[in-house]
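Welcome, and thanks for taking a look at this structure.

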Amino acid sequence: MERTENRDCIILIGMPGVGKSTIGVILAKELGYQFIDSDLLIQQQEGRLLRTIIEEEGVEGFLAIENQVNAGIQARRAVIATGGSAVYGTEAMEHFRRMGTIIYLKLPYDQLKRRLGNLKGRGVVLKKGQTLRDIYEERTALYEQWADAVIEEEGRDIEATLKEILNFCLQIQVDGLI
């Protein structure tokens with residue numbers, strides 16, 4: 001696992017609806033970092049909403065665009081909230097690993113299902129015939145594979161999750177990793 005000298009970014013990964021963007025904004029303010037939402041970068045570059053890209057390009061086309069955009073992010077001292085499907089892009093995830101610390105925000109399936117409404121309206125990447133349970137099970141292994149830390153959100157509100165992330169960040173800073 002190749003790391004660079006300037007590993008000063010925090011990259012949030014996890015399923016749609018776990019709060020990556022919400023927590024990311026607050027975390028960036030707490031740390032004095034910039035905040036980057038990779039889904040918004042994709043929409044900005046493509047000039048289309050995520051759901052429109054998926055409809056027009058198909059799942060594989062969207063994943064290729066997402067991988068290319070994420071692999072091209074250049075930032076220092078940033079909190080980056082990724083789309084839930086970012087972990088399918090090997091080049092992007094290797095890039096993120098070189099940029100900083102990858103934190104997986106994990107929520108149990110039943111709680112996630114309650115939080116999510118219309119998956120297609122959210123621009124969630126679903127292959128034909130896939131259910132939320134299918135992508136949850138498929139992605140969990142990928143999230144765990146790429147994560148430097150897993151933050152369990154079960155029973156935690158945003159403040160408690162944020163405190164856990166900040167404690168982890170403080171620890172890696174003390175250990176000289178950030």
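Are Y109 and Y136 buried or exposed? Y109 is buried, and Y136 is buried as well; buried means under 20% relative accessible area, exposed over 50%, and partly exposed in between (1.4 Å probe, protein chains only). Please keep in mind that this is a predicted model, where local features need pLDDT of at least 70, side-chain atom pairs count only at pLDDT 80 or more, and totals for chains, interfaces and linings use all residues. Residues are numbered from 1 along each chain as its sequence is written, and side-chain values use heavy atoms, with hydrogens and water left out.

**The aromatic pair**

- Two aromatic pairs are counted here, by a rule that takes rings of Phe, Tyr and Trp (its six-membered ring) with centres within 6.5 Å, calling planes under 30 degrees apart stacked, over 60 edge-to-face and the rest tilted.
- One of them joins Y109 and Y136 edge-to-face, at 5.5 Å centre to centre and 65° between the planes.
- This pair links distant parts of the chain, 27 residues apart: Y109 belongs to helix α5 (residues 109-115) and Y136 to helix α6 (residues 132-146). Helices (H or I, at least four residues) and strands (E, at least two) are DSSP runs, numbered from the N terminus.
- The ring of Y109 also has the charged end of R133 over it, 3.8 Å from the ring centre; the rule asks for NZ of Lys or CZ of Arg within 6 Å of the centre and within 35 degrees of the ring normal.

**The nonpolar cores**

- In soluble globular proteins, nonpolar side chains tend to be buried together.
- The largest nonpolar core has 42 residues, and I13 and I103 touch the most other members. Such a core is a set of buried Ala, Val, Leu, Ile, Met, Phe, Trp, Tyr and Cys residues joined through side-chain atoms within 4.5 Å.
- Apart from it lies another core, of ten residues, including I42, L50, I53 and V59.
- Beyond four places in sequence, the contacts of I13 (heavy atoms within 4.5 Å) include V87, M93, I102, L105 and W146.

**Positions listed as binding site**

- An unreviewed UniProt entry lists G17, V18, G19, K20, S21, T22, R122 and R156 under "binding site", and the same annotation covers D39, G84 and R139. UniProt positions follow the numbering used here, feature names are shortened, and annotations may be inferred rather than shown by experiment.
- V18 sits in the loop between β1 (9-13) and α1 (20-31), and counts as buried because its relative accessibility is 2%. Leaving out residues up to four places away, V18 touches I23, L105, L107, L112, R115 and E153.
- S21 is part of helix α1 and counts as partly exposed because its relative accessibility is 30%.

- G84 is in the loop between β3 (78-81) and α4 (90-99), while R139 is found in helix α6.
- G84 is buried, with a relative accessible area of 9%, and R139 is buried at 0%.
- The side chain of R139 reaches the backbone oxygen of G84 at 3.4 Å.
- Among the other residues that R139 touches beyond four places in sequence are M15, P16 and V125.

Methods: Polar contact = N/O pair within 3.5 Å; in protein donor to acceptor, adjacent residues only side chain to side chain.
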